[in-house]
Amino acid sequence: MTTLPYLVAGWLFLVGCYGLVTSRNLVHTVACLTVAQSATYVLLLAVGFRAGATAPVFGDIPVGTRVVDPVVQALSLTDIVVSATVTAVLLALTIQIHKRHGTVDPDELRALRD
Amino acid sequence: MSRRVRLVLFVVVAPVFAVLFFLATRGLPGFGSEFHPYGDRAVAVATGQRATANVVSSVNFDQRGVDTLGEEFILFGSVIGTVVLLRPAPGEREVGRRGAGRVLPTTRLAGYLLLPVTVLVGLYVIAHGQLSPGGGFQGGVVLATGWHLLYIAGRYAALRRAAPPTVLEIVESIGAAAFAAIGLAGLVIGGAFLVNFLPVGSFNDLLSGGTVPLLNGAVGVAVAAAIVLLLSGFLEQAVVLRRTEEPLAGSSIIAEEPLAGSSIIAEEPLAGSSIGAEEPIAGSSIIADGTEQR
Amino acid sequence: MSPTVEALPSLLVAVPLLAATVLAASGRFLPRLAIDAASILSCLLVLAGSVMLLVTTGSRRVVSWLGGYSPVHGSSVGVVFVVDRVGAGLATLIAALVTAALIYTWRYFDEVEGYFHALLLLFLAGMVGFALTGDLFDAFVFFELMGAVAYALTGYKIEEPKPLQGALNFAVINSLGAYCSLLGIGLIYGRTGELGFAQIQRVLAGQRTDWLVLMGIALVFTGFLVKGAAVPFHFWLADAHAVAPSPVCVLFSGVMVELGLYGVARTWSAAFSPVLPAERLRPVLMAAGVLTAVIGAAMCLVQSHLKRLLAFSTVGHVGMFLVALGALEPAAIGGLAVYVLGHAAVKGALFLCAGVLLNARGSVDEAELHGQGRDLPVTRICFLVGGLALAALPPFGTWLGKTLAEDGLSHAGFSWAGYLFVGVSAVTGGAVLRAGMRIFLGAGTSPDTQDDTRGSDENRETTYDVGRIPVIMLAPVVALLATGLILGLVPGLATLAHDAARQLLDPTGYAAAALDGIRAVPPPTPAESWTASGVLLGLLSVLLALVVAAVGLYADRLPQLLRRGADVLTLPFRAVRTAHSGHLGDYVVWLLFGVTLLTIGLAAT
């Protein structure tokens, strides 16, 4: 059995971090954060997969049919809402930073240098 | 540290992380394995005693309902947070929405035609959360989308009059409070917080799942109001808020600036964003148009 | 057993949530007094419930299965709240601090419309939920709830540039940390197929320690340690503390950061201990603690922005907390618990003093405020006493906690920790005293003002006439300090804390309570109290703090040679200082560096 889908999660996380590290625009930064987070969806869903099974919804299929793990799907749903709302807060902050600092380039934000 | 040093450090650390993560995944059961003890139990409970065909909804709203309570309040808190962060700062005020252009008749027609369909789909998705993929969160977003069709059809002013932020906040609060209140009702009636205290009905019926559809409804209301509130917060930044000193002239040209409040920035010596004020791009007329229809 | 107590944990979360919705919906129609009264009342309700739990947990753990899914044959599909003395104590601390912050806010902000209060109540619910839950994913949800609200609270002053950047740094780094935790949860779930702490513990029992569990645990810990501001995850803390409204800082420093450490302790003990023996975790926590303590203390010394100074003093204290936690042994952790309470009270009072200064003088910059605080008598006394208490002056709670932790550590064979504790207390207390003497007594000369992050251009947080400091703002300051003092004098506190630590470090009892319904706990045994040498060490650190303060105030009068020597000695710390760049990209690299190091550290020991 393969572990490749799990590695996709690691890859996504690192790509998101790379974007965060090199970002020149805070909107891009926020987007990169959601890329890093999407690693968690991939990992959770991959962990819950069952070969040859179907979705855990028994509207059209008989009870007892082999289904994938519903718990990780519920966790992913929660995770998605968390991501969307935190993104909204971050974008609101970015808008205000643009107004007060006149820039959204992290390299130009120097107010908190020690 | 400089960009260069930062990148070098990242290039050193990231491969180590990658190797560790690779080693870790070797210890997981292979992809597609049969090892899902919690998942199997959740399926058994949902299809058995709880009569909820959509097991994911049963996990979200019944078995692990407190997660979703937390999630609902993360949404609620973020929306309040965003409203607070996007409130008019001292020195900014709302200006009348003048200088709107036209909306293409076809756009308007499409908006009006799609509106009832979208609202119906949204309500359907909310109401069938216990049976088929969907539920309060998904349906709430669809409902909010329907609302914004009105906006695309050029009725922003009417939209604001019909549902001012105050009303939306109250609706959102009621939705969120309803979730917590249903949880407390469970505590009073069933002896445990968020217990599924209603009759579960028969499997695969519209009225099955006990409190699951009720909670889905509460979430649907809260989410629809929350998304409208969020988007209107950002739209206000784009089309309504101005520095007080600023003349109203440039107000219709802001839309294409990615960070919305560009005309405010244009006043400030720091920002090099006056391009937006000189080169109106085609797409700008959509939002500018939406600002006023009388 | 009475069913009402079983209902308490969920009520402690649900009541503030409901109150927040009421305030958000009706805040703009209500008079200010009603908003304040309603929020303080719901906070007091939570406080009363927490105290009831604290009493009950003396004889048994309080377990509530949410949704009524009590376990059958040790397994369940639901989420459980398991409350022991540490959880109940934390809930009490959280509710008390939020109450203090709310009372202080009464005259602090003018235009609120209930939003600020609603956010504080949501913050309260998130923190309490995190302290009570017995489920890994549920902990993540409450963790994110407190996070999302905290970000908005930090950036509350949108008309200023710094709070916005501070909030963004805080939000991005904490979110990334939380996502690390979630990756870890995914890995752990893949292995165990469970999410409850107790269930995970039982599945992991007897398994070997491989890379999967090591990395899963390291990732879960990363999110907690980011919140807990352990080096190298601590960068966000000073940025956020320096700019957040002062009453919010009280909560951040007093309890949110400590909850991060609690997360590590709880998940380790209740879930991961079968595959991660104490011998493996101990060196990692202690190394991180020493590093955090030294860097925090050193950074604290060079700040002139008062709130940033206090923030780095928190980092220094977190370092000590980590060392005490690292003993993984009841006596030291009991001391840690007392220390956390004392620190919360004292640090809270100091942050509120900084807020008073900001309102009265429009600045929190030490150099600019030179001598400006002479005519604020109450604030002056409170700030200076707070500085002494931070340096562990007997009989303050900080001192009692420090001496109990030192004794516990030295009995466990870590007598070196005593030197570290005295040193860090002296340096952080000395820095606060230096600033206090300069501002309130006009002592010393104006320091050079080359810092990039200065406290001089902060805006006031109120617009009313500030000729007189309202009593309602000073009351919480005095009350917090008095609490800090009383904590050191309460006779049974050491025993209670020791008992709490013993419950925290009892994985078997935790799992039995959650899954088998065996909830009784052994009765508390009297803990060792303080000793004469503890008093002497406390006095020593206060004395050293005064020396540090004096040197800071009169550095220019020292002989040339001594100053040269000091310059050479502080050379490594300049490099550390430049690392605090305020740049998000840097912080992300450090975070990644930290996760990697943590994994390797757990594997290597």
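Colleague: In this predicted model, with which residues is Leu124(C) in contact, leaving aside its neighbours within four places in sequence?

Modeller: Leu124(C) belongs to the largest nonpolar core, which has 363 residues, and together with Ile94(C) it touches the most other members. Leaving aside neighbours within four places in sequence, the contacts of Leu124(C) are Pro16(C), Cys43(C), Val46(C), Ile94(C), Ala95(C) and Val98(C).

Colleague: How are H12(C) and H13(C) oriented, parallel or antiparallel?

Modeller: Helix H12 (residues 306-326) and helix H13 (residues 330-361) of chain C have axes 11 Å apart, at an angle of about 180°. Angles over 145 degrees count as roughly antiparallel. H12(C) is therefore, relative to H13(C), roughly antiparallel.

Colleague: How many nonpolar, polar and charged residues does the contact of H12(C) with H13(C) have?

Modeller: On the side of H12(C), the residues include Leu310(C), His317(C) and Phe321(C), and on the side of H13(C) they include Leu336(C), His343(C) and Phe351(C). By class, the contact has 14 nonpolar, four polar and two charged residues.

Colleague: Which residue of chain C is in contact with Ala176(B)?

Modeller: Ala176(B) is placed in helix H8 (residues 165-190) of chain B, and it counts as buried because it has 30 C-beta neighbours inside 10 Å. Its C-alpha atom is separated by 6.8 Å from that of Val219(B), 43 residues apart along the chain. Leaving aside neighbours within four places in sequence, Ala176(B) is in contact with Glu72(B), Phe73(B), Phe76(B) and Ala222(B), and with the chain C residue Thr21(C).

Colleague: Which element gives the most to the side of chain C that touches chain B?

Modeller: The contact takes 60 residues from chain C and 60 residues from chain B. By class, the chain C side has 36 nonpolar, 16 polar and eight charged residues. Among the elements that each supply at least two residues to it are helix H1 (3-26), strand S1 (62-66) and helix H4 (115-132) of chain C. The most, 10 residues, comes from H5(C).

Colleague: Which helix supplies the largest share of the side of chain C that touches chain A?

Modeller: Here the contact takes 39 residues from chain C and 35 residues from chain A. Helix H5 (136-154), helix H6 (161-192) and helix H23 (584-604) of chain C each supply at least two residues of the chain C side, which divides into 21 nonpolar, 12 polar and six charged. The largest share, 17 residues, is that of H6(C).

Colleague: How are H2(A) and H6(C) oriented, parallel or antiparallel?

Modeller: The residues that meet include Leu33(A), Ala36(A) and Leu43(A) in H2(A), with Leu176(C), Tyr179(C) and Leu183(C) among those in H6(C). By class, the contact has 12 nonpolar, six polar and no charged residues. The two axes come within 9 Å and cross at roughly 10°. As angles under 35 degrees count as roughly parallel, H2(A) is, relative to H6(C), roughly parallel.

Colleague: Which element of chain A has the highest mean pLDDT?

Modeller: Chain A averages a pLDDT of 92, and 99% of its residues score at least 70. Among the elements of chain A, the lowest mean, 93, is that of helix H3 (residues 70-101), and the highest, 96, is that of helix H2 (residues 26-47), that is, H2(A).

Colleague: Which residue does a cis peptide bond join to Pro394(C)?

Modeller: The bond has an omega of about 0°.

Terms used
Residues numbered from 1 in each chain as written. Chains lettered and ligands numbered in written order. Predicted model: local features only at pLDDT ≥ 70, side-chain atom pairs only at ≥ 80, totals over all residues. Contact = placed C-beta atoms within 7 Å. Helix = DSSP H or I, 4+ residues; strand = E, 2+ residues; numbered from the N terminus. Nonpolar A, V, L, I, M, F, W, Y, C, P; charged D, E, K, R; others polar. pLDDT = per-residue confidence, 0-100. Axes fitted to C-alpha atoms, helices over the stretch in contact; angles between N-to-C directions. Parallel < 35°, antiparallel > 145°, perpendicular 65-115°, else oblique. Core = buried A, V, L, I, M, F, W, Y, C linked by C-beta atoms within 7 Å. Buried ≥ 20, exposed ≤ 12 C-beta atoms within 10 Å, placed from the backbone.
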